[in-house]
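Hi,

Here is the structure I promised to send over.

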Amino acid sequence: MKREEVEARPDPVDTRLGARLAALRAERGWSLGELAERSGVSRSTLSRAERAEISPTASLLNRLCHVYGRTMSQLLSEVEAEPALLVPAAEQTVWEDRASGFVRRSVSPPHPGLRGELVEGRLAAGADIAYDRPPVPGLEQHIWVLEGVLEVTAQDAGHRLDAGDCLRLRVWGPTRFRCLGPGEARYVLAVVLP
């Protein structure tokens with residue numbers, strides 16, 4: 001097999017994610033046009049994401065999660081097997097948004113009967129991710145910085161978090177995560193459904 005053929009294959013997680021996004025839209029009986037209107041994402045981008053022709057960005061997934069009433073972790077856990085009580089490090093789902101320099105590890109994925117989850121986030125120096133709304137209004141978040149410097153903007157207030165700092169909030173509107181550098185920022189995000 002030629003090297004180009006290997007590189008052209010979609011990532012298996014992106015393939016399962018695309019299939020799940022298509023299934024969620026079909027469950028609601030929505031056309032791509034209807035989903036585009038509800039999410040503010042173009043029909044062509046939605047179609048390409050569902051066919052795994054592109055790897056969706058964190059911002060795109062956040063918009064779709066809002067429309068479908070899910071957290072990003074819930075959506076990503078739906079493309080994996082039923083989560084076990086013990087989640088070994090080697091089996092934790094890692095998803096990367098290469099365009100923004102964001103890597104997300106689902107340390108403690110959503111589980112039936114539990115409202116909380118843990119996510120490890122890594123942002124490259126200078127990375128800047130903006131979410132126009134939470135996937136679930138009133139979502140409780142605890143952001144604990146392990147390494148680096150992270151700026152989080154929520155409810156029109158900016159917060160600088162150095163290593164060891166923790167920001168606690170309920171998310172109702174836009175948020176922004178920015179790595180101030182010079183190195184990457186690594187943090188734990190505890191998410192609790194309302």
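Asp-156 sits in the loop between strand 6 and strand 7. Keep in mind that this is a predicted model. Asp-156 isn't a glycine, yet its phi is positive, at about 65°. With a relative accessibility of 82%, it counts as exposed, since the cut-off for that is over 50%.

Gln-155 is in that loop between strand 6 and strand 7 too, and its phi is also a positive value, near 50°. For context, most residues other than glycine have a negative phi.

As for the strands on either side, strand 6 (residues 150-154) and strand 7 (residues 157-161) run antiparallel and are joined by 5 bridges. The hairpin they form has 2 residues between the strands, and Ala-154 stands opposite Ala-157 in strand 7.

Another spot to check is the peptide bond between Gly-181 and Pro-182: it is cis, with omega about 10°. Pro-182 belongs to the loop between strand 9 (175-179) and strand 10 (185-192). Most peptide bonds are trans.

Then there are the helices. The axes of helix 3 (residues 32-39) and helix 4 (residues 43-50) come within 9 Å and cross at roughly 110°, so the two helices are roughly perpendicular to each other. Their crossing is right-handed. On the helix 3 side, Leu-32, Gly-33, Leu-35, Ala-36 and Ser-39 make the contact, meeting Arg-43, Leu-46, Ser-47 and Glu-50 of helix 4. Sorted by class, that contact has 4 nonpolar, 3 polar and 2 charged residues.

Cheers

Definitions and conventions:
Residues numbered from 1 in each chain as written. Predicted model: local features only at pLDDT ≥ 70, side-chain atom pairs only at ≥ 80, totals over all residues. Heavy atoms only, no water. Axes fitted to C-alpha atoms, helices over the stretch in contact; angles between N-to-C directions. Helix = DSSP H or I, 4+ residues; strand = E, 2+ residues; numbered from the N terminus. Parallel < 35°, antiparallel > 145°, perpendicular 65-115°, else oblique. Left-handed = near helix turned anticlockwise from the far one by under 90°. Contact = heavy atoms within 4.5 Å. Nonpolar A, V, L, I, M, F, W, Y, C, P; charged D, E, K, R; others polar. Pairing = 2+ DSSP bridges. Buried < 20%, exposed > 50% of the residue type's maximum accessible area, 1.4 Å probe, protein only.
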